[in-house]
Amino acid sequence: MTMSELRTPEDAPGKAASQAPGETTVAADAPSAPARTGRTFLPESTLLRHLLVLLIAAVVAVAVLELTDSFTNSQLAQLSYYAIAAGGLTVLTGMNGQISLGHGALMAVGAYTTALFLAAEEPLPLAVIFLAAVVVATLVGALVGVAAARLHGPYLAGATLALAVGIPGLAIYFHDWLGGEQGLRVSAPRAPESFDAFIGFVSGGNASNTKWLAYIGVVCLLITYFLLANLVRSRIGRTWRAVRDQEVAAELAGINLGAWRVLAFVVSAAAAGLAGGVLAIVVRLAAPSGFTIVLSLSLLTAIVIGGLGSLLGALLGSALLVFLPPFVTNLGADFGLNNTEAAQLAPLVYGVVLIVVMIFAPAGFVGTIKMRWLTRKAKRQIAAQQAAGATSAPGSRG
């Protein structure tokens, strides 16, 4: 990105260095993307395109949930909260360049908030409880983001690592309120009659509680990715990328780097809070053992494998995180390993997959495919230009 793309015409460099994110953006005045050539059936509006993708994804999700068994439904529910948290981490790490090892702790905030609200004699509607989990996690994320706004690289990773270690320990310290090491049992909400009618209309089957929880997770996942996709494609997303790629140039253009980093942390924390809320009702437990540093590292490896900065990559990495271990465990059992040996084989294979991806696809699955596609497209364009130049050169006519 060049300085001409970063410079804002209304303010001289450095004049807006203290302005908030809502007042200045790194790409607010950058030229829009060039018009697409060729015929396309997709809407020109980014919002309409994302709405179309959301509709298609919802139809596919319903079909998958209705065509699979109860165990697969539970796996899809598990995938939903992993993918929601990974999507938020993609915004923070992939888009803004901040490495966080504390997102498991932010998920714990959302999970415990959900558990406490559901423990009331007359619980609020689930949507309101999830909103409360998002708000509380966002406040915690804002505090951590402000404290870590000036930290980079391993220093930021160390600070968020302390968050991942410290927050689950609060449940043990406040054991009378948060349940200590045993955690809080979560009463998952029952499916309403309207859901039973919907399942009966779609597939004619029975609406089990497992399927109901899977639908809740998938709906939260689709809404989260729709909002994040629009945010990433907006001026805010372009500003985050500029701060990540050209920090000095962005600051010279009048961008408050600290404010934009805090904003990225807040958005990511909100997604982690929602993921924690979904996790609480799916697992039906909010306990410190479920939010160790292993969870934070798993989320980070998921976005690395899928491709940094890509929501699709975050989804694919989360799917690998959910579906690979039981597949490898079952495969090991088929080859005669006992239950313990088969369970130990799963993390080994996952580690091997991570190493292979880092060697042969350093940009992740989605990133590597996209880079190769762009490279081939550029080569075709160069070849076409060279052919056109050779045709129009003097003496080329017979």
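Student: How many helices and strands does the chain have?

Tutor: In this predicted model, the chain has 16 helices and two strands.

Student: Which residues of H9 and H14 meet?

Tutor: From H9 come Leu221, Tyr225, Leu228 and Ala229; from H14 come Leu311, Ala314 and Leu315. Sorted by type, the residues of this contact are seven nonpolar, no polar and no charged.

Student: Which residues touch the most other members of the largest nonpolar core?

Tutor: That core has 90 residues, and Ile84, Met107, Phe130, Ile216 and Ile281 touch the most other members. Helix H12 (residues 257-283) supplies the largest share of the core, 15 residues.

Student: What does Ile281 touch?

Tutor: Leaving out residues up to four places away in sequence, Ile281 touches Thr114, Leu118, Leu126, Phe130, Val186, Ala188, Pro189, Leu213 and Ile216.

Student: What share of the contacts in the chain with a separation of 6 or more joins residues 24 or more positions apart?

Tutor: Such pairs account for 75% of those contacts.

Student: What share of the residues counts as buried?

Tutor: Of the 398 residues in the chain, 44% count as buried. The accessible surface of the chain is about 21200 Å², and carbon and sulfur atoms hold 65% of that surface.

Definitions and conventions: Residues numbered from 1 in each chain as written. Predicted model: local features only at pLDDT ≥ 70, side-chain atom pairs only at ≥ 80, totals over all residues. Heavy atoms only, no water. Contact = heavy atoms within 4.5 Å. Helix = DSSP H or I, 4+ residues; strand = E, 2+ residues; numbered from the N terminus. Nonpolar A, V, L, I, M, F, W, Y, C, P; charged D, E, K, R; others polar. Buried < 20%, exposed > 50% of the residue type's maximum accessible area, 1.4 Å probe, protein only. Areas by Shrake-Rupley, 256 points an atom, 1.4 Å probe, with all protein chains shown as cover. Core = buried A, V, L, I, M, F, W, Y, C linked by side-chain atoms within 4.5 Å.
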